[in-house]
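Here are a few friendly notes to read alongside the model. I have kept them as numbered points so that you can check each one on screen.

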Amino acid sequence: MTEKLEVGTIVTGTVTGIQPYGAFVELDNQTQGLIHISEISQGFVKNIHDHVKVGDQVKVKVLSIDEDGKISLSIRAAQATGKKKVGKKRQGSVKNETPQAGFNTLKEKLQEWIEQSQREDLIKK
């Protein structure tokens, strides 16, 4: 199956083993890959056993295939595929107005701070 697999392909496999650093997934009788712990889920994964069990069918994305035939897989990337980021678009315009009453610009504040730092009555002795 290694010849058919390409980086970016999404396939289904079976979890065959779990180690503290990741889960091994059998893609077919001759092909196995590894899902690194950082690729198990979108959030932080402390214990892989909380997310997958041996025998689970998982949908994974092929991240890389190295020269030795080692295959890196990702559940996280497979789940992200097809999902569009939904966010609020911000609309507006930038106005060059003077600051509102009660607010000083950084330039004005900086000058004030410099003057305060030079006052003898404020200097700690």
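1. Leaving aside its neighbours within four places in sequence, which residues is Thr-9 in contact with? They are Val-60, Lys-61 and Val-62, where contact means heavy atoms within 4.5 Å. Thr-9 itself sits in the segment before S1. Between Thr-9 and Leu-63 the C-alpha to C-alpha distance is 8.3 Å, although 54 residues separate them in sequence. Thr-9 is partly exposed, at 26% relative accessibility (buried is under 20% relative accessible area, exposed over 50%, partly exposed in between, with a 1.4 Å probe and protein chains only).

2. A word on the basis of these notes. This is a predicted model, in which local features need pLDDT of at least 70 and side-chain atom pairs count only at pLDDT 80 or more, while totals for chains, interfaces and linings use all residues. Residues are numbered from 1 along each chain as its sequence is written, and side-chain values use heavy atoms, with hydrogens and water left out.

3. The protein has 2 helices and 5 strands, following the pattern β-β-β-β-β-α-α along the sequence. Here helices (H or I, at least four residues) and strands (E, at least two) are DSSP runs, numbered from the N terminus.

4. The 5 strands close into a barrel in the order S1-S2-S3-S5-S4, with mixed pairing; two strands pair if DSSP finds at least two bridges between them. On average, neighbouring strands of this sheet are turned by 50 degrees against each other, direction ignored (axes are lines fitted to C-alpha atoms). Do have a look at strand S3 (residues 32-36), which pairs with S5 in the parallel sense over 3 bridges. Leu-34 has Ser-72 in S5 as its bridge partner.

5. The largest nonpolar core holds 19 residues, and Leu-27, Ile-35, Val-52, Val-58, Val-60 and Leu-73 touch the most other members. Strands S1 (10-19), S2 (22-26), S4 (57-65) and S5 (71-74) each give two or more residues to this core. Such a core is a set of buried Ala, Val, Leu, Ile, Met, Phe, Trp, Tyr and Cys residues joined through side-chain atoms within 4.5 Å. Of the 125 residues in the protein, 23% are buried.

6. There is 1 aromatic pair, counting rings of Phe, Tyr and Trp (its six-membered ring) with centres within 6.5 Å. The rings of Tyr-21 and Phe-24 have centres 6.3 Å apart and planes at 90 degrees, so the pair is edge-to-face (over 60 degrees; under 30 is stacked and the rest tilted). Tyr-21 is partly exposed at 42%, and Phe-24 is partly exposed at 26%.

Conventions
Axes are lines fitted to C-alpha atoms, for helices over the stretch in contact, and angles run from 0 to 180 degrees between N-to-C directions.
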